[in-house]
Amino acid sequence: MSIASDDTTAGVVAPGLGYPGPTQPSRPPGARSPLGWPSDVSRETPGPAVGDAEPRDVSGDASEVETVSRETATTDPSGVSRETNPPESTAGSVASPTRTDATRTDDTEERAAIAASIPGADAYTPLAQAVAADARKRITLTGRSVPRPPRPRVLTVANQKGGVGKTTTTVNIAAALAQAGSSVLVIDLDPQGNASTALGIEHHSEVPSIYDVLVDGVGLGEVLQSCPDIPNLTCAPATIDLAGAEIELVSLVARETRLEKAVTAFLESQDAAGRRTDYVIVDCPPSLGLLTVNAFVAATEVFIPIQCEYYALEGLSQLLKNIELIRSHLNPRLHVSTILLTMYDGRTRLSAQVADEVREHFPDQTLAATVPRSVRISEAPSHGQTVMTYDPNSSGALSYLEAAVELAERGAAPSTSEESA
């Protein structure tokens with residue numbers, strides 16, 4: 001359908017939308033286009049940049065006007081306004097009032113109010129449910145800081161079953177915590193070196209790596225590299241040499257405690273220098289060999305990602321038995337603190353059943369956040385990035401951000417079980 005004007009001097013109307021084109025003369029305030037759109041639409045978004053004191057002009061070419069329609073559409077199909085500051089009258093201008101620096105100092109309550117105003121959806125519209133959930137996460141979590149723990153937390157991300165999202169969880173939780181203001185160290189203990197790849201860290205055979213720390217006794221601080229995309233995030237990379245460490249460690253003295261000694265010495269040196277690492281996150285290989293045992297002895301907390309499938313539940317019982325053995329003989333402080341459900345598919349009944357069973361048996365350890373299947377999460381490592389920098393607005397990034405915030409808030413106060421141990 002084309003919209004034409006009898007008056008040749010009336011200008012051009014964007015086809016199908018009714019927005020004024022570049023030469024459209026101004027209409028009286030409150031007047032509407034042939035399709036009912038207000039004529040005086042502002043391009044100003046609900047959250048302008050600091051110091052953006054003047055509303056931006058709506059004039060521009062057709063593509064620019066289309067972009068404006070996505071940013072400032074006043075209603076969604078359900079008829080509920082999306083504006084942060086809705087207009088006082090529908091007959092007047094729909095432009096949001098400009099926010100000053102004074103109104104941006106503490107927006108926690110405002111974010112909560114905006115998130116609560118987003119309309120819900122019923123079970124017959126799963127896509128609308130997902131869009132609304134992502135919108136609430138984006139409003140409440142983006143740009144938010146997290147509380148720092150009272151002392152460094154050492155977490156081992158472990159599950160002897162492969163393909164459950166251990167490395168993906170490690171790098172994205174670490175990236176989310178670092179972006180929120182915490183200082184994070186990732187130790188890549190998997191010979192495949194996937195965590196190093198996702199963080200953009202060099203890990204070819206000539207690079208000093210965690211192998212040198214375990215076998216040759218090199219200091220942990222000497223092998224660290226900074227993540228190029230995220231401040232406050234460092235990594236001890238893994239190289240192919242680590243594949244032979246399992247055999248070489250057998251003949252070494254105190255083979256189970258070599259990583260623990262290296263981590264303890266590094267944290268003490270950080271304290272002496274007036275610096276502090278908030279989180280040390282160890283990515284384990286999909287096995288229960290000496291590398292994983294070293295990670296269990298070095299850590300105080302076990303972080304278990306569980307794929308929402310039946311095989312993942314089968315392997316969990318064996319993992320818990322091994323954790324109990326480590327706790328009894330080598331590290332009495334070790335405990336399962338966090339369980340994260342990954343690859344959750346809300347369209348299947350199986351995912352819901354696995355999630356319910358895990359929450360029933362581990363109600364205190366299982367995070368409320370779940371990580372859905374997401375193509376963006378899988379694409380990010382091919383660009384040498386985490387999903388937190390590759391596509392921070394994707395559902396996968398928002399889910400990992402939600403999990404990281406929950407993890408940080410749980411550890412903001414000392415654990416009573418850990419103290420008693």
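Among contacts between residues at least 6 apart in sequence, what percentage join residues at least 24 apart? In this predicted model, the share of such contacts that join residues at least 24 apart is 72%. The protein has 421 residues, of which 44% count as buried. Its secondary structure amounts to 15 helices and 8 strands.

Confidence in the prediction was examined next. The mean pLDDT of the protein is 76, and 66% of its residues reach 70 or more. Over residues 1-27, however, the pLDDT is below 50, although the model gives this stretch 37 contacts beyond near neighbours in sequence. Residues 39-105 likewise have pLDDT under 50, and the model holds 86 contacts for them beyond four places in sequence. Where pLDDT is low, the predicted coordinates should not be read in detail.

The structure holds 9 salt bridges. One of them joins Asp278 to Arg148, with the closest N and O atoms 2.9 Å apart. This pair links distant parts of the chain, since Asp278 lies in the loop between α8 (258-272) and β5 while Arg148 lies in the loop between α3 and β1, 130 residues apart. Asp278 counts as buried because its relative accessible area, 0%, falls under 20%. Arg148, by contrast, is partly exposed, with a relative accessible area of 45%. Both residues also belong to a network of salt bridges in which Arg148, Arg276 and Asp278 are linked.

A further salt bridge is formed by the side chains of Glu301 and Arg153, at 2.8 Å from N to O. This pair, too, links distant parts of the chain: Glu301 is in strand β6 (residues 301-307) and Arg153 is in strand β1, 148 residues apart. Glu301 is buried, with a relative accessible area of 5%, and Arg153 is buried as well, at 8%. Arg347 and Asp345 form another salt bridge, in which the closest N and O atoms are 3.0 Å apart. Here Arg347 counts as exposed, at 73% relative accessibility, whereas Asp345 is buried, with a relative accessible area of 15%.

Pro152 is located in the loop between α3 (126-141) and β1 (153-157). With a relative accessible area of 26%, Pro152 is partly exposed. Beyond its neighbours within four places in sequence, Pro152 is in contact with Leu267, Arg276, Thr277 and Asp278. Two of these contact partners, Arg276 and Asp278, are members of the salt-bridge network described above. Between Pro152 and Val184, which are 32 residues apart in sequence, the C-alpha to C-alpha separation is 9.5 Å.

Strand β5 (residues 279-283) includes Asp283. Asp283 is buried yet has no salt bridge, and Lys166, the nearest side chain of opposite charge, is 6.4 Å away. That distance is not within 4 Å, and therefore the pair does not qualify as a salt bridge.

Helix α9 (residues 290-298) is mostly covered, with 9 of its 9 residues buried. Among the buried residues of α9 are Leu290, Leu291, Val293, Phe296 and Val297, together with Thr292 and Asn294.

Conventions:
Residues are numbered from 1 along each chain as its sequence is written. This is a predicted model: local features need pLDDT of at least 70, side-chain atom pairs count only at pLDDT 80 or more; totals for chains, interfaces and linings use all residues. Side-chain values use heavy atoms; hydrogens and water are left out. Helices (H or I, at least four residues) and strands (E, at least two) are DSSP runs, numbered from the N terminus. Buried means under 20% relative accessible area, exposed over 50%, partly exposed in between (1.4 Å probe, protein chains only). Lys and Arg count as positive and Asp and Glu as negative; His and the chain ends are not counted. Contact means heavy atoms within 4.5 Å. pLDDT is the predictor's confidence in each residue, from 0 to 100.
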